[in-house]
Amino acid sequence: MKKRGQALSISFVLVFLLAVIMAGCGNNNNSAGANAGANATEAPAATNAGTAETATEAPAAEKPKVAFVYIGPPGDGGYTYQHDQGRQYMEKELGIKADFVENVPESADAERIITELAQSHDIVFTTSFGYMDFTLNVANKFPNVKFDHASGYKTAANMGTYFGKNYQASYLTGIAAGKMTKNNHLGYVGAFPISEVIYNLNAFTLGAQSVNPDVKVDVVWTNTWYDPATERQAAISLLDKGADVLLAYQDSPATLQAAAERGAFAGGNDSDMSKYAPDNYLTNPVWNWGEYYVKTVKSVMDGTWTNEQYSGGMADGMIELAPFGNKVPDDVKQLVEDAKAKIISGDLDVFTGPISDNTGKVQVQEGQKLTLEEVLSMNWLAKGVEGTIPQ
C-alpha cells in the first residue's frame, strides 16, 4: 500500500506539473492573440479592459460583457465624450466594467475591430453612422451576440439602432441665434452631407426663422467629425462672409474658438462647450446616453432585449440643451425656454408645415408634420439655407 501510495503521489505531481505547463502555454497564447488584435491597427487604442467581479457582486455569468466602438477619443469634449460619460454611468449603475476601442475609422478596419469584440462580448455598441454596414455584416456572423448601432437605420434579428431627436435642440439653438444676430447672417459648419446633419441644419434654420424671418444661413461642409484645423478654417470662411453667429456639427470646439477670436457668438455640438469661450458661447444640443445604456444592458441581462429602433428626445431626457453662455440676455433665454416647454409637451413639432426647400419646392404642406422616418431620410435644404448638398 505504501509503494502504491508513493506511485500515486508521483503520478499526481507529474499530472499537476503537466497541467501547470499547459495552463502557462494557454495563457501565453491568449495574450499573444489579444496583442495581435490590438497591434493590427495603430490608430485605435483598446482601453478599459477590466471585467473582474468582486466577491459581493453577482456571479460573472449573470452580467453580460459589454463593448463600445468609438469614432473619436473620449477626450474630444463632444460626441465621443458624451458616449463615454454614458458608458461610465452604466458601469456605475450596473456594476459592469465595459471595454471600448477609440479612434476607430469608418472603414473596413471597423469591421475587423467589431468582429474581434463580438468574439468575447455579449453586446456591442457601435456609436457612429459610418459603422452601420460593418455592424450589420458582423451581426449576421454572430447571431448570439447583440449589437446596437447609433444613428443608423438598418437592423437584423440581433441588431437594433438608437439615436435621438437632437434636431429639437438644434431648433432651440436656432431661436437663440436668430435673436442674437445683428445682420441676419448665420453660419453652419456641417460635418458630412448626410441626413443626420441635414435635418439638424434645417431645424436650426427653422428655429432662427421662427423669431427672425429675414435670417439666412450659410453652410460649409468639412467632411470631418473631429478635425479642429479643418473645422476652424471652415468657421473662418463663414465669418469672412459676414456671418456673426455660428453653429457647428462636429465634435471639436474649433468653430466656437474661431468665432470668439472675432467677437462672434457660436455653439458647438453634443456636449456643453461653454468652457472654451464662455463669453461668446450661445448654447447647443447635448446628448445624455447613460439611461439608454442602462436600460439596454439590463434588457440583455433579463432576456428582454429586442432589435428596436429607438429614438429619444427632450421629453425623455436623451436630448438636452446646454446652459447658455454668459452674455445671452435673459429675454432670449426665456424665449428658448418657452419653446422648449412646448416641444416637451408635444405642442411644438419642429417639422410642421408649411416648409419649403431652398429651391422653392414645398416639402411639408401646411398643417402636416414629417414622420420620424421622413426626418431621418431628409435630403433637402430648407428655405433660407445658402448652399447645396454635395453629391
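The following dialogue works through how several descriptions of this predicted model are reached.

Student: How many helices and strands does the chain have, and what share of the residues counts as buried?

Tutor: The chain has 11 helices and 16 strands, and of its 391 residues 51% count as buried. Among contacts between residues at least 6 apart in sequence, 66% join residues at least 24 apart.

Student: What makes H5 roughly antiparallel to helix H10?

Tutor: The axes of H5 and H10, the latter spanning residues 330–345, come within 10 Å and cross at roughly 155 degrees. Since angles over 145 degrees count as roughly antiparallel, H5 is therefore roughly antiparallel to H10. The crossing of H5 and H10 is right-handed. On the H5 side Gln 168, Tyr 171, Leu 172, Ile 175, Ala 176, Lys 179 and Met 180 take part, and they meet Val 332, Leu 335, Val 336, Ala 339, Lys 340 and Ile 343 of H10. The residues of this contact divide into 10 nonpolar, one polar and two charged.

Student: How do you know that Asn 202 is buried?

Tutor: Asn 202, which lies in helix H6, has a relative accessible area of 0%, and because buried means under 20%, this residue is called buried. Leaving aside residues up to four places away in sequence, Asn 202 touches Phe 351, Met 378, Trp 380, Leu 381, Ala 382 and Val 385.

Student: Why is Lys 298 called partly exposed?

Tutor: Lys 298, found in helix H9, residues 290–302, has a relative accessible area of 43%. Buried means under 20% and exposed means over 50%, so a value of 43% makes Lys 298 partly exposed. The C-alpha atoms of Lys 298 and Leu 94 are separated by 8.1 Å, although the two residues are 204 apart along the chain.

Student: What makes strand E9 covered on both faces?

Tutor: Val 245 and Leu 247 lie on one side of E9, Leu 246 and Ala 248 lie on the other, and all are buried. In a regular strand the side chains alternate between the two faces of the sheet. Strand E9 pairs with E7 in the parallel sense over four bridges, with Leu 246 as the bridge partner of Gly 187. Three bridges join E9 to E10, which also run parallel, and there Val 245 stands opposite Phe 265.

Student: Which residues of helix H8 are buried, and what do they pack against?

Tutor: In H8, residues 254–261, Ala 254, Thr 255, Leu 256, Ala 258 and Ala 259 are buried. These buried residues pack against strand E7, helix H7, strand E9 and strand E10. Gly 263 follows H8, and its phi is positive, near 80 degrees.

Student: How do you know that strand E2 pairs with E4 and with E3?

Tutor: Two strands pair if there are at least two bridges between them. E2 and E4 have four bridges, in the parallel sense, and E2 and E3 have three, again parallel, so both meet the cut-off. Val 66 stands opposite Ile 123 in E4, whereas the bridge partner of Ala 67 in E3 is Asp 99. Val 66 and Phe 68 point one way from E2, Ala 67 and Val 69 point the other way, and all are buried.

Methods:
Residues are numbered from 1 along each chain as its sequence is written. This is a predicted model: local features need pLDDT of at least 70, side-chain atom pairs count only at pLDDT 80 or more; totals for chains, interfaces and linings use all residues. Side-chain values use heavy atoms; hydrogens and water are left out. Buried means under 20% relative accessible area, exposed over 50%, partly exposed in between (1.4 Å probe, protein chains only). Helices (H or I, at least four residues) and strands (E, at least two) are DSSP runs, numbered from the N terminus. Contact means heavy atoms within 4.5 Å. Axes are lines fitted to C-alpha atoms, for helices over the stretch in contact, and angles run from 0 to 180 degrees between N-to-C directions. Angles under 35 degrees count as roughly parallel, over 145 as roughly antiparallel, 65 to 115 as roughly perpendicular and the rest as oblique. A crossing is left-handed if the near helix is turned anticlockwise from the far one by less than a right angle, and right-handed if clockwise. Ala, Val, Leu, Ile, Met, Phe, Trp, Tyr, Cys and Pro count as nonpolar, Asp, Glu, Lys and Arg as charged, and the others, Gly among them, as polar.
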